[in-house]
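Subject: Handing over the model

Hello,

Here is the structure I promised to pass on. Have a look at it first, and then read on for what turned up in it.

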Amino acid sequence: MKRLNLNNEEKKQLSRREIKRVAEKLGKPPTKIEYKGQEDTRISYGQIVYLYGTWNAAVHDAGLQINLYRLPPSNEISKEELIQEFIKAANAEGKMPSFRLFRKHSDLSLTPFIRHFKSWNTVKQYVYDHYRDELRFAPPKILPKRKRRKRQEQ
């Protein structure tokens, strides 16, 4: 893609036109992957994100509905909301769920849990330690993972 000799407002106008054009072609607002897959765009995905900061901001500025299935940034999801989602899934499964089982009961991604708790096992441990009375089953005691001793080389 060649360099555009336009000011930022002209680039934004071009971005809006291109996003709308691709949306008409696809029959829906394009995702970033769908936009990148178009070979006839006059402004690149990277140039658009540079102007707007995020893809959804550009799509919104073009007057289109942003992707509703995209999760809100994890800083908008409180720790308490995450815990309640976990408890709901745990009670539905009748056990402390793996993330795969959790996904059967919730649309939340793993990212906000990792940002708040650092690992899925830490989530389980936290719920076990602080919210055990809200579980409708008797969870087994969660033990920390043991570090295995390696065989000494001879």
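The cut-offs here are under 20% relative accessible area for buried and over 50% for exposed, with partly exposed in between (1.4 Å probe, protein chains only).

Before going further, a word on the ground rules. This is a predicted model, in which local features need pLDDT of at least 70 and side-chain atom pairs count only at pLDDT 80 or more, while totals for chains, interfaces and linings use all residues. Residues are numbered from 1 along each chain as its sequence is written, and side-chain values use heavy atoms, with hydrogens and water left out.

**Overall layout**

The protein chain has 8 helices and 0 strands, so helices here should be read as DSSP runs of H or I with at least four residues, and strands as runs of E with at least two, numbered from the N terminus. Along the sequence the pattern reads α-α-α-α-α-α-α-α. Of the 154 residues in the protein chain, 32% are buried.

The axes of H1 and H3 come within 10 Å and cross at roughly 125°. That makes H1 oblique to H3. Axes are lines fitted to C-alpha atoms, for helices over the stretch in contact, and the angles run from 0 to 180 degrees between N-to-C directions. Under 35 degrees counts as roughly parallel, over 145 as roughly antiparallel, 65 to 115 as roughly perpendicular, and the rest as oblique. H1 passes H3 in a left-handed crossing, meaning that the near helix is turned anticlockwise from the far one by less than a right angle (clockwise would be right-handed).

**Salt bridges**

Back to Asp61: what does its side chain meet in a salt bridge? The partner is Arg16, at 2.6 Å from N to O. This pair links distant parts of the chain, with Asp61 in helix H4 and Arg16 in helix H1 (residues 8-26), 45 residues apart. Arg16 counts as buried, at 19% relative accessibility.

A search of the whole structure finds 8 salt bridges, each being a side-chain nitrogen of Lys or Arg within 4 Å of a carboxyl oxygen of Asp or Glu. Another of them joins Asp40 and Arg21, at 3.2 Å from N to O. Asp40 lies in the loop between H2 and helix H3 (45-52) and Arg21 in helix H1, so this pair ties together parts that are 19 residues apart in sequence. Asp40 is partly exposed, with a relative accessible area of 40%, and Arg21 is partly exposed at 28% relative accessibility.

Lys28 and Glu34 form a salt bridge too, their closest N and O atoms being 2.8 Å apart. Lys28 is partly exposed at 37% relative accessibility, as is Glu34 at 25%. Salt bridges with shared partners also join Glu18, Arg21, Lys25 and Asp40 into one network.

**Aromatic rings**

The structure holds 10 aromatic pairs. In Tyr35 and Trp55, the ring centres are 5.1 Å apart and the planes stand at 45°, so the pair is tilted. Tyr35 lies in helix H2 (residues 32-36) and Trp55 in helix H4 (residues 55-61), so the pair ties together parts that are 20 residues apart in sequence. Both Tyr35 and Trp55 are buried.

Phe113 and Trp120 make an edge-to-face pair, with 5.1 Å from centre to centre and 75° between the planes; Phe113 and Trp120 are buried as well. For reference, rings of Phe, Tyr and Trp (its six-membered ring) pair if their centres lie within 6.5 Å, with planes under 30 degrees apart counting as stacked, over 60 as edge-to-face and the rest as tilted. Phe86, Phe99, Phe102, Phe113 and Trp120 form one aromatic cluster.

Two charges sit over rings. Lys12 lies over the face of Tyr52, at 4.9 Å from the ring centre, and Arg132 over the face of Tyr128, at 4.0 Å. The test is NZ of Lys or CZ of Arg within 6 Å of the ring centre and within 35 degrees of the ring normal.

**One backbone detail**

Lys118 has a phi near 80°, a positive value in a residue other than glycine. Lys118 lies in the loop between helix H7 (111-117) and helix H8 (120-130), and counts as exposed at 64% relative accessibility.

Best wishes
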